[in-house]
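Hi,

Here's the structure I said I'd pass along.

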Amino acid sequence: MIEVKNLTKIFNTVNQEIVALDDVSLHVEKGEIFGIIGLSGAGKSTLIRCINMLEKPTKGSVVIDGIEITTLEPQDLRSARQKIGMIFQHFNLLSSRTVFDNVIFPLEIAGVPKKEAGKRVEELLDLVGLSDRAKSYPSQLSGGQKQRVGIARALANSPKILLSDEATSALDPQTTRSILDLLKDINHRYNLTILLITHDMNVIKETCDRVAVIDDSRIVEVGRVINIFSNPQTATSRSFIGNIINREISDQLLQRPAEQASGIITRVIRVSFIGESAGKPLISSMIKKFDMDANILYGNIDRIKDTPFGYLTLELTGAPDQVAEGLDYLSGHGLEVEAIDNV
Amino acid sequence: MFDFGANAWMVDKVLIATWETIYMVAISTFLSYVVGLPLGIILVTTSEGHILENKRFNQVLGSIVNAVRSIPFIIFLILIIPLTRLIVGTSIGTIASIVPLTLAAIPFVARLVETSLKEIEWGLVEAALSMGANAWQVISKVLLPEAMPSLNLGVAITTINLVGYSAMAGIVGGGGLGTLAYYYGYQRYENGIMWITVIVLVVLVQLVQMLGDTLAAKISNRRR
């Protein structure tokens, strides 16, 4: 649905060149919620703004649903933009217009007849649960309600994709959750492709199917959210995950002196459970099957979008061959096993 | 000091002069917006990074606006007498005053409009662009409606300025309260007329400011 190829954006200021995007390539499938996470200044905002050409890339191309956006004439770009909805961190609603008139705005721009447009607005307000606030002005709404208006407005022209520029960053956690639920609902209902950027790993965890981690103007890691959580490859990803899930275990636990009989070893491992495997008693059957002890140092279970997901940090003690076979047993059953004791 | 009763003709004079001032100021304000409003819009939209960015053009236009604004009105008034004669056939009287008043107010209005429109959050413009709005739609549906309270106050400021300018025009025969004050108050030492003129001017300015404030507040309140 969205194909970003070798996108580079360089800002020229008086004193220097700032590289905001450095050879970024991405592919977003139709109907998926794709997240881009990065710290402020990493380039994610520039990236999403290049998708609808609010920012003109220095090099590279963006193709949306087969249309090369980067080379369109102004007239064609405007009609292409009508099919790309966008929501913003600060909502960007017109204070001079009521909720109803804000949502009808894109239809006005597209030249949709008034009557038809009015009907569409009513549908949309119903969808976002704001039918009773149609005559209110934005200043009379809460942040969450404003973003709902923003979403209704972005959907007015039945876009092919929805771009979300930090849409929940100005909202409290509870409101954030309700907005994310609304986005998931819309994604589900209309099979609408959503590309969102955020600095909050929770947003990725709650909503996204796939994620790209952007750091210092480059994409450093892309993959299914589950995979990034269970097996992050870069320090940037690990630190984002660490912000919301405690993966690390205190050094004290790791550095316990090993007073062991000969022929017995102790390993500390981290096991990640994903989906179905989270429901099976694999650890206990491993202990029964092999001659070893397992001591649980830390555990955590969570949900990534709709999939159960958890970490368990274990200390295994036993004969080297038994421990090794035990680890194989776990991996063989689809668990992600990672040694964290640096042996 | 005030000796009204003895001078019923004076009341007539003041009334006529007041009407002339109102007339002259109202028409000049209107005409200065006819030109100044589009100029202000152009100044904003051709500036760097804006929807119709054109740096060279913007610089040239900005310099012209600044040049006209830097000429003191009393000098400007005399400077353009030939032009005034060309346009209305005379340089004396109420109608003739409208020419310098309007021309002097245009760059002022342009800058006021520019300031009002610059206050609009860029995010709103971007939102409209992201929906596929063209430049005209951004101007007519975002910039102007959003800036309406501030634009209203600008009209009040312009009008008040023009009341002051019109009095200056009066000194060189422009009609209105300025002429009255000058002929009677200054040349004939009739302090009464002078004071009445001042009072009428103060009242006029107060009324305009009140009207502007009320309108702006009304628009803002409706949106609150």
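In this predicted model, the C-alpha centres of domain 1 and domain 2 of chain A sit 40 Å apart. The domain assignment puts domain 1 of chain A at 2-244 and domain 2 at 251-339. Where they touch, domain 1 of chain A brings 14 residues and domain 2 of chain A brings ten. Together the two domains bury about 990 Å², with 57% of that on carbon and sulfur atoms. Lys205(A), Ile226(A) and Ser230(A) account for 56% of what domain 1 of chain A buries against domain 2, more than any other three residues.

Lys205(A) also forms a salt bridge with Asp302(A), with the closest N and O atoms 3.1 Å apart. On the domain 1 side, H8(A) gives the most, with four residues.

Now for the chain-chain interface. Here 20 residues of chain B contact 23 residues of chain A, and the two chains bury about 2000 Å² between them, 54% of it on carbon and sulfur atoms. Ser130(B), Met131(B) and Lys141(B) supply 32% of the area chain B buries against chain A, more than any other three residues.

Two salt bridges link the chains; one of them pairs Arg49(A) with Glu126(B) at 2.7 Å, N to O. Seven residue pairs (both at pLDDT 80 or more) are in polar contact between chain B and chain A. H6(B) makes up the largest share of chain B's side, seven residues. By class, that side has eight nonpolar, five polar and seven charged residues.

Cheers

Notes. Residues numbered from 1 in each chain as written. Chains lettered and ligands numbered in written order. Predicted model: local features only at pLDDT ≥ 70, side-chain atom pairs only at ≥ 80, totals over all residues. Heavy atoms only, no water. Contact = heavy atoms within 4.5 Å. Buried area = accessible area lost by both parts, 1.4 Å probe. Salt bridge = Lys/Arg side-chain N within 4 Å of Asp/Glu carboxyl O. Polar contact = N/O pair within 3.5 Å; in protein donor to acceptor, adjacent residues only side chain to side chain. Helix = DSSP H or I, 4+ residues; strand = E, 2+ residues; numbered from the N terminus. Nonpolar A, V, L, I, M, F, W, Y, C, P; charged D, E, K, R; others polar. Domains from an automatic or database assignment.
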